[in-house]
Amino acid sequence: MKKVLSYPLTVIFYFFFFLTLLIFHPIQWISLKLGGYQTHKKSVDIFNFFLLRCLNLLGTRFVVENEHQIPVERPCIFVANHQGMYDIPPIVWYMRKHHPKFVSKKELGKGIPSISFNLRHGGSVLIDRKNRRESLLKMAKFAKYLKKTNRSAVIFPEGTRSRTGKPKKFAASGMQMLFKQMPHALVVPITINNSWKLFRYGNFPLDIGVTMRMKVHEPIEIDSTHPESLVALVERTIITDIR
C-alpha cells in the first residue's frame, strides 16, 4: 500500500520540485545582478527552504542534531557522507549562517535550473575529478577565497553517493588540500542518515515517509592534528554514526 501511494505523491513532488527550480532561476539572476552576493545568498537560502517543503510532500521529515555552538566569525569545512542529492538542501538551510559553498563535480555546473546557476555564481568550486592536478589547483584557489571572505566549504569525500547508505572510502586529497590551506579553520564532521531511502525504488517512485537525520559532530581545530591523521579522524567520526 505504501509503495502504491508513493506513485502519485512522487508525481506531485516532481511537479513542485521542478517548478521551484524554474521559479528561482530568474530570482537568483535578478538577485545577483541587482543586489550582489548578499541578496543572491538570501535567494539561495529561500530556494533551499522550498526544496525542503517539496520533500515534505513525500512525508519526508528532517531531524537535525547539533549540540555545538559553531562560531560564525571563522570559516568552517563541513565534511559529510553522501547518500543522495537531497543531502544538500538541509545542509544549505540549517548551516546558512556559515555561508556553505560546495565542492562539486563540473558536470553539475550546467543544465540544471537554479542549481547550476548557484554553483557557478555562488562561490562553490567545480572540479573535474578525472584531472587531479587541475582539481587540486582549484581547491587551493577555493581555500583562499574562503579565507578571504570568511565563508565555509562543504565537501563529500566519498565522491559518488552511496546507493545503500553503506559509506564508500573517503578520498583524502581534497580534504588535505583544504586543511593545509586553511589551518585556522574548523572542520565539522556531519553524518547523514536515511536520505538514500528516498531512492529505494530508484528515481521513480521515490519512497515516502522517510526521516532524514543530520548529526553535526563536535568541531575540530585543524591546526591541532596532522592533515593525514585528521582525515582519518573525520572519517571515523562520520562513519561511526551511520545507521
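How much space lies in the largest pocket? I get about 1200 Å³. This is a predicted model, where I take local features only at pLDDT of at least 70 and side-chain atom pairs only at pLDDT 80 or more, while totals for chains, interfaces and linings use all residues. I number residues from 1 along each chain as its sequence is written, and side-chain values use heavy atoms, with hydrogens and water left out.

**Pocket**

Grid points are joined across faces, edges and corners, and a volume is the space filled by probe spheres set on the points.

Of the 48 residues that line the largest pocket, I find Val 103, Ser 104, Lys 105, Leu 108 and Phe 156 closest to its centre. Two or more lining residues come from each of α1 (2-56), α2, β3 (100-105), α3 (115-121), α4 and α5. I use DSSP runs numbered from the N terminus, helices being H or I of at least four residues and strands E of at least two. The biggest contributor to this lining is α1, with nine residues. I sorted the lining by class and got 25 nonpolar, 13 polar and ten charged residues. Here Ala, Val, Leu, Ile, Met, Phe, Trp, Tyr, Cys and Pro count as nonpolar, Asp, Glu, Lys and Arg as charged, and the others, Gly among them, as polar.

The largest cavity holds about 60 Å³. Its lining is Phe 62, Val 63, Val 64, Asp 87, Pro 90, Tyr 94, Ile 192, Met 212, Arg 213 and Met 214. β1 (61-66), α2 (88-94) and β7 (211-216) each give two or more residues to that lining. By class I count eight nonpolar, no polar and two charged residues there.

**Core**

Which residues have the most contacts inside the largest nonpolar core? I list Ile 77, Val 79, Ile 155, Leu 178, Phe 179 and Val 187, in a core of 27 residues. By nonpolar core I mean a set of buried Ala, Val, Leu, Ile, Met, Phe, Trp, Tyr and Cys residues joined through side-chain atoms within 4.5 Å. Buried is under 20% relative accessible area, exposed over 50%, and partly exposed in between (1.4 Å probe, protein chains only).

Two or more core residues come from each of β2 (76-80), β4 (125-127), α4 (132-149), β5 (152-155), α5 (173-181) and α6 (227-240). The most come from α4, with six residues. I then took Ile 77 and set aside its neighbours within four places in sequence; its contacts (heavy atoms within 4.5 Å) include Ala 153, Ile 155, Leu 178, Phe 179 and Ile 222. Apart from this core I note another, of 20 residues, with Phe 24, Leu 55, Tyr 86 and Leu 206 among them.

In α5 the buried residues are Gly 174, Met 175, Gln 176, Met 177, Leu 178 and Phe 179. I see them pack against β2, α4, β5, β6 and α6.

**Loops and backbone**

Met 95 is in the loop between α2 and β3. Buried or exposed, this Met 95? Buried, with a relative accessible area of 2%. Past its neighbours within four places, I find Met 95 in contact with Asn 66, Phe 78, Pro 90, Pro 100, Met 214 and Val 216.

The peptide bond from Phe 204 to Pro 205 is cis, omega near -5 degrees, and I place Pro 205 in the loop between β6 (186-193) and β7. Asn 194 is in the loop between β6 and β7, with phi near 80 degrees, positive in a residue other than glycine. I find Asn 194 buried, at a relative accessible area of 12%. Asn 150 has a positive phi too, of about 60 degrees, but is partly exposed at 28%.

**Whole chain**

Buried residues make up 51% of the 243 residues.

Note on methods:
On a 1 Å grid over the protein atoms alone, a cavity is a set of points where a 1.4 Å probe fits but cannot get out, and a pocket is an open set with protein on both sides within 12 Å along at least five of seven lines; lining residues have an atom within 4 Å of a point.
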